[in-house]
Amino acid sequence: MMAEYLLFATERYALPILQPVADALQTSGQGVHAWLVGGAAGARLPAPVRMIADARAAVDLCPRAVFSAANWIPPFVTGAKVQLFHGFNVEKRAPARGHFRVRGLFDLYCTQGPATTGPFRELAHQAGYFKVVETGWPKLDPLFGRDDPLADRLRAAAGGRPVVMFASTFTRHLSAAPHLLEMIAAQIATGRCYWLLTLHPKCAPEWFERYRALAGSHAEFVETEQLISAQRAADVLVADTTSVVSEFVIQRKPVVTFRNRAPKPHMLDFDDPAVLPAMLERAFTPDAALTAALAAYADSIHPYRDGQASQRVIAATEALLAGELGNLRRKPLGSLLRGLQIRRELGYWGPAAR
């Protein structure tokens with residue numbers, strides 16, 4: 001029997017996370033709707049996903065489950081509340097304020113791999129009002145798909161040259177974008193490599209303008225929705241403390257990081273822009289120790305390479321709804337206050353769905 005499901009996002013970068021879930025639901029004959037607010041407002045997921053205009057429509061839908069790729073979810077909409085995460089744990093903040101912060105809003109956390117599953121299961125044991133299932137991350141399903149015409153086109157544009165991808169976070173004190181612009185421009189000018197350039201959607205407009213200006217015969221600027229294809233096409237990543245580092249490492253490809261907040265053995269970290277060319281040379285000829293470190297880290301954060309995370313997310317949600325994961329305690333009182341704040345943010349003071 002067909003059911004209705006709702007996808008929820010507050011930023012554009014969540015769309016590639018939700019799209020594989022939408023595809024999997026539609027393949028199984030389910031109805032899929034998307035409600036995009038905040039920074040994602042005005043964006044769309046392609047048909048047959050049906051767009052929800054506002055909170056009233058979301059409440060009236062009475063979805064069987066709501067899948068969120070944001071830190072929060074509207075508690076007044078019916079259905080299981082499922083957290084999909086908007087990125088990997090890149091240790092930008094202390095654990096209690098960052099990736100492992102629980103807000104009393106979700107019924108199910110679908111974790112990406114062992115490194116996050118263990119801590120979340122401990123939190124679930126303490127709290128009792130949510131469950132945890134390790135599923136892998138839907139965003140990476142296309143990373144292991146058979147065909148990717150955009151990735152093929154990007155590789156073809158390189159004309160046989162090595163492909164370097166540059167990605168940067170928006171967090172000002174962690175962003176490599178201001179520091180590496182001149183050196184990246186110089187590298188692009190040599191034409192030795194083909195560059196794929198991208199920035200977090202929240203980066204300042206001036207940096208978008210300056211990096212877009214580098215596009216030409218030796219470089220292309222790629223949009224947020226094209227990141228997976230760019231990662232498939234690239235041989236090496238240059239980045240900072242963005243979660244794109246973890247996404248890229250899943251492929252066991254080398255990453256060069258500029259002043260990463262928590263550098264690890266699988267990263268080639270540096271702090272002087274002038275040494276970027278030397279770091280690239282090391283990345284293109286990784287030694288055995290680096291190769292082993294890349295594989296070990298990839299297995300710890302996301303061991304799945306079958307492109308089936310979305311199907312596991314749906315299966316875990318159905319198990320929750322069927323009571324197969326056990327009973328949930330009542331959510332904490334603090335969730336009531338957060339629920340009022342969310343109503344204010346969304347401008348909705350109508351009745352909750354029942």
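User: At what angle do the axes of helix α5 and helix α9 cross?

Analyst: In this predicted model, the axes of α5 (residues 177-190) and α9 (residues 276-284) cross at roughly 60° and come within 10 Å. Axes are lines fitted to C-alpha atoms, for helices over the stretch in contact, with angles from 0 to 180 degrees between N-to-C directions. Helices are DSSP runs (H or I, at least four residues), numbered from the N terminus.

User: Why is α5 called oblique to α9?

Analyst: Angles under 35 degrees count as roughly parallel, over 145 as roughly antiparallel, 65 to 115 as roughly perpendicular, and the rest as oblique. The axes cross at roughly 60°, which makes α5 oblique to α9.

User: Which residues of α5 and α9 meet?

Analyst: Met-183, Ile-184 and Gln-187 in α5 meet Leu-276, Pro-277 and Leu-280 in α9, where contact means heavy atoms within 4.5 Å.

User: What makes Val-245 buried or exposed?

Analyst: Buried means under 20% relative accessible area, exposed over 50%, and partly exposed in between (1.4 Å probe, protein chains only). Val-245 has a relative accessible area of 2%, and is therefore buried. This residue lies in helix α8 (residues 244-249). Leaving aside neighbours within four places in sequence, Val-245 is in contact with residues including Leu-237, Val-255 and Met-267.

User: Why does Cys-203 count as buried?

Analyst: Its relative accessible area is 8%, so Cys-203 is buried.

User: On what basis are these values given?

Analyst: Local features of the predicted model need pLDDT of at least 70, side-chain atom pairs count only at pLDDT 80 or more, and totals for chains, interfaces and linings use all residues. Residues are numbered from 1 along each chain as its sequence is written, and side-chain values use heavy atoms, leaving out hydrogens and water.

Methods. Helices (H or I, at least four residues) and strands (E, at least two) are DSSP runs, numbered from the N terminus.
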